[in-house]
Each structure stands twice: as C-alpha cells, then as structure tokens.
Amino acid sequence: MVATSGSLTAIVAGLSAWAYAATASQTGATTNHGAPPQAVFVNPRAFNVLGNNGAFRESATDTFFNPTNTSPPFFQVFHEDFLKILGPRATIRAVAANPTFAFAHEAPVWVPGTDEVFFSSNDGGALGMSDIDHNNQVSKISLREVAAAISASGADAAPVNVTVTKIDLPDTVQMTNGGTGPFFGQLVLANSGRGPLPPSIALVNPLPPHNTTVLLDNFFGRQFNSLNDVKIHPGTNKLFFTDVTYGFLNHFRPLPLLPNQVYRFDPTTGSVRVVADGFDRCNGIAFSPDGKTAFITDTGANAGFLGNNQTEPATIYAFDVDPKSDAFSNRRVFAYVDTGIADGIQLDAEGNVYAGCGDGVQVWNSEGTLLGKFFLETVSANLVFAGNGRLVIMAETAIFFANIAAKANKLSFP
C-alpha cells in the first residue's frame, strides 16, 4: 500500500513532467537501432551538473525526472543492460482503465492455469471507494482477453480496455493489499483489516466460488496493525509478510498495537515470529531466486493523513536470510528512489529488482544500479510477472502490460 496524499495527485490531475528546456543532445537522449521503438536513452552524465541556474526538482512527489519530456508510457533507459531486460521488440500499453476508480492498486497474482491476474483496489486512499465503512475490491483480468484485444487493435502499442471482473469474497477478507502465489493452487492474500475486523493472511481458491481459509489473524492474541505485503520463501514454503500502520494512517484501522515489523509464518506448524524490525514503515517484500536475500521497501516518506516528508525513507533494504532461524540480518541500503516511494517489489529470474514507484516501475540490477524505468508518469504501487516475458503493472486507475525479454522469478509454490 501507499498511493495516497500528494502521490495520488497524478491519478486525479496528472503530475507535471520536469524537463530541461534543451535539445536531445543536451539531455543525453540517444537512439539505438537494437532498442525497442518505445525506448528513450538518457545518459546520466548529461545531468550530473545542472549549474547555478539549473532546473532543479524540489519535490519527489509532485514532479518527475523526464529530461527528454517524452510522452508516457515509454522505457526510460539509463544503462545498456536494461535493453537485455526489454529485448528489441518490447512494448508497453494500457490494457484496462477506469479514471474514476483506483481499481488496480496492489496484490497482483498471476494464476497460470487460467492465465488470469488477480489484484485489489486502493484501500482507504484516493479514488479507492473504500473506508472504515466500506471494504475494497478484489478483481481479475484475463490475459487471453488482453492478447486478443492487442491482436485486434492492429497497432504495436495502442491502448486497449479489457473486462475487469469483481471477485466476491467473504467478510473475513477485509481491505486486501498484498498477494502472491499460487500456494498449493491458492491465492495468498495479505489483508489490512477494517475497523475492529482483524488483518489476516488468507488462502483463496482462484476458481468460483472462491472458497477462503484464514490462516492467521493475530500475534499471540493481539491484532496486527494492517498487513501490507506477503511472499512465499523459496525452498521452505514459509510465508513472510509486512505489517505497518497505514490502516490507521488512512483512517480505517484503530490505533496501532505493534511496531512496524516483518514476520515469518510457518503454515505447517503455526509458528509466527518477527524476523526484522527498526523500520519507519515497512511495505513491500521479495526474495532473490535462491531465497538467500530478502528485500524490504521502507515507505516512511508517505505518512497517510500526516502527509509526505521526503526527508524520510523511500528506500529498498536488502537482508541476508538466516537458513535456520529465518531471521533477517546484515541490513544494507539497496536503493533509494528518486520519485515517490518504492512500494510493491518483485524480482526476475536474473535477480534484477523491480519496484512500483511514483513514476511507474523502476528496475535495478542485483548490485543496486538503476538500469531503467517503465515510465508511466503516474503512480504504480505493484506489479507481477505473468510468466516469462509478460509484466503486468498496477497503476491505480489503469493496468499496463509490457511484453519484454526478461524471465520471471518463481512465485508459485510448491
């Protein structure tokens, strides 16, 4: 979660693109015959020095870094290795949109058997149509319908608008914000709770009538604050999830009872424990393909009704995962984002890290070097690979679909 306050100005009115009043050579924009048509190259050395009268940005939430002033969506390339991720025929387009409803916020889960992507609407934020009195919505789209619509459009990157189907779930599922899997064929949903109704980890059958089983809804009798994101650890099938105070900060949960922390839950034994703390506001979670490294986003710069503070974290941290205790150790900064905050996070099969940010999806290599962006000029809170070469991006009032070369990291277990 986190697409609130100033960060959602982009959804309502569109943010102003920050650009130099300069030529392509001055901004470092170049072309490459091996690159996809929607790729724009920006040489970092071209903006290392802006000078005394330079057009400096003063806000990470109200302006974008778009020195070429290119119209979105496009691929913003900072490093040539981003081209390996994209491939020469990459495309990106909107495939579903509703400008009056933030239906595509977080919890994206791809189900291979039906080739559908499930996701949730914004919970408690702008255009989410949810609050302390109203639950948010879980929906799905068919990627088969997406493929058919793209084929019928007759244009390489023309937007299409496929059917968004609402999923009816029981009252035990409140304010869904995180999702992963499938896990033994089931969706794993992290739910923030609403009012006195508890946050929970739940399994949901992706097939009608969507039978639901709650696995966990408390920490030794105390309700969690508002669960945010969840992932299955490769090799152990244990569930790791983040708990943070955004339910309270977005006016749909009571005063917090616990610190902002990361937990491990073992569905086999029922054991639950804290594996990492010390965050401002822990948010997204992901693992490297081998499961040895965990990534946690800290979105402290966004504080719900308290507003934005860009001197607080907008940071991705990396940790070692202890093979015996499951605890996270050796905390280090992996990346700090330039626009908005890093929210939901995923990896590809090569260990590159993707995060939903204030301007779209940003991508780093395993060393933390920014390679490029799926530049949308609007907030993205999460994304998911739908098998190899297909990236589905949540963008609040729209869903974007990118055909690329990168292969997916495994999220479905066992």
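This is a predicted model: local features need pLDDT of at least 70, side-chain atom pairs count only at pLDDT 80 or more; totals for chains, interfaces and linings use all residues.

User: OK, then which side chain of opposite charge is nearest to Asp343, and how far away is it?

Analyst: That's Lys231, at 9.8 Å. Asp343 is buried and has no salt bridge.

User: Where does Asp343 sit?

Analyst: In the loop between β22 (328-336) and β23 (345-347).

User: And what does the side chain of Asp343 make a polar contact with?

Analyst: With the side chain of Asn283, at 3.3 Å.

User: Let's stay with β22. Which strand is joined to β22 by six bridges?

Analyst: Strand β21, residues 315-321, and the two run antiparallel. Ala318 stands opposite Arg332 in β22. β21 and β22 form a hairpin with six residues between them.

User: What's the phi of Asp326 in that turn?

Analyst: Positive, about 70 degrees. For background, most residues other than glycine have a negative phi.

User: Where else do you get a positive phi in a residue other than glycine?

Analyst: Asn330 is one, with phi near 55 degrees. Asn330 lies in strand β22 and is partly exposed, with a relative accessible area of 46%. Met129 also has a positive phi, near 55 degrees. Met129 belongs to the loop between β8 (116-120) and β9 (138-142).

User: Why does Met129 count as exposed?

Analyst: Its relative accessibility is 54%, and exposed means over 50%.

User: Switching to prolines. Which peptide bond to Pro182 is cis?

Analyst: The one from Gly181, with omega near 0 degrees. Pro182 is in strand β11, residues 176-183. There's also a cis peptide bond joining Pro208 and Pro209, where omega is about 5 degrees. Pro209 lies in the loop between β13 (200-204) and β14 (212-216).

User: Now the aromatics. How many aromatic pairs do you count?

Analyst: The count comes to 26 aromatic pairs. Take Phe295 and Phe334: their ring centres are 5.1 Å apart and their planes stand at 75 degrees, so that pair is edge-to-face. The pair links distant parts of the chain, with Phe295 in strand β20 (residues 293-298) and Phe334 in strand β22, 39 residues apart.

User: Buried or exposed, those two?

Analyst: Phe295 and Phe334 are both buried.

User: What about Tyr354 and Phe385, how are their rings arranged?

Analyst: Their centres are 5.3 Å apart with the planes at 85 degrees, so the pair is edge-to-face. Tyr354 is in strand β24 (residues 353-357) and Phe385 in strand β27, so the pair ties together parts 31 residues apart in sequence. Tyr354 is buried, with a relative accessible area of 0%, and Phe385 is buried too, at 6%.

User: Which residues make up the cluster that ring pairs link around Tyr354 and Phe385?

Analyst: Phe75, Phe82, Tyr354, Phe374 and Phe385.

User: You mentioned β27. What sheet is that strand part of?

Analyst: An open sheet of four strands, in the order β6-β29-β28-β27, with antiparallel pairing. The edge strands are β6 (91-97) and β27 (382-385), each pairing on one side only. The twist averages 20 degrees from one strand to the next.

User: How many bridges join β27 to β28?

Analyst: Four, and those strands run antiparallel, with β28 covering residues 390-394. Leu383 stands opposite Ile393 in β28.

User: Last one: what does the side chain of Ser59 reach?

Analyst: The backbone nitrogen of Asp62, at 2.9 Å. Ser59 lies in the loop between β3 (39-42) and β4 (63-65).

User: And why is Ser59 called buried?

Analyst: Because its relative accessible area is 17%, and buried means under 20%.

Conventions:
Residues are numbered from 1 along each chain as its sequence is written. Side-chain values use heavy atoms; hydrogens and water are left out. Two strands pair if DSSP finds at least two bridges between them. Axes are lines fitted to C-alpha atoms, for helices over the stretch in contact, and angles run from 0 to 180 degrees between N-to-C directions. Buried means under 20% relative accessible area, exposed over 50%, partly exposed in between (1.4 Å probe, protein chains only). Lys and Arg count as positive and Asp and Glu as negative; His and the chain ends are not counted. A salt bridge is a side-chain nitrogen of Lys or Arg within 4 Å of a carboxyl oxygen of Asp or Glu. A polar contact is a pair of N or O atoms within 3.5 Å; within protein, one must be able to donate a hydrogen and the other to accept it, and residues adjacent in sequence count only if both atoms are side-chain atoms. Rings of Phe, Tyr and Trp (its six-membered ring) pair if their centres lie within 6.5 Å; planes under 30 degrees apart count as stacked, over 60 as edge-to-face and the rest as tilted.
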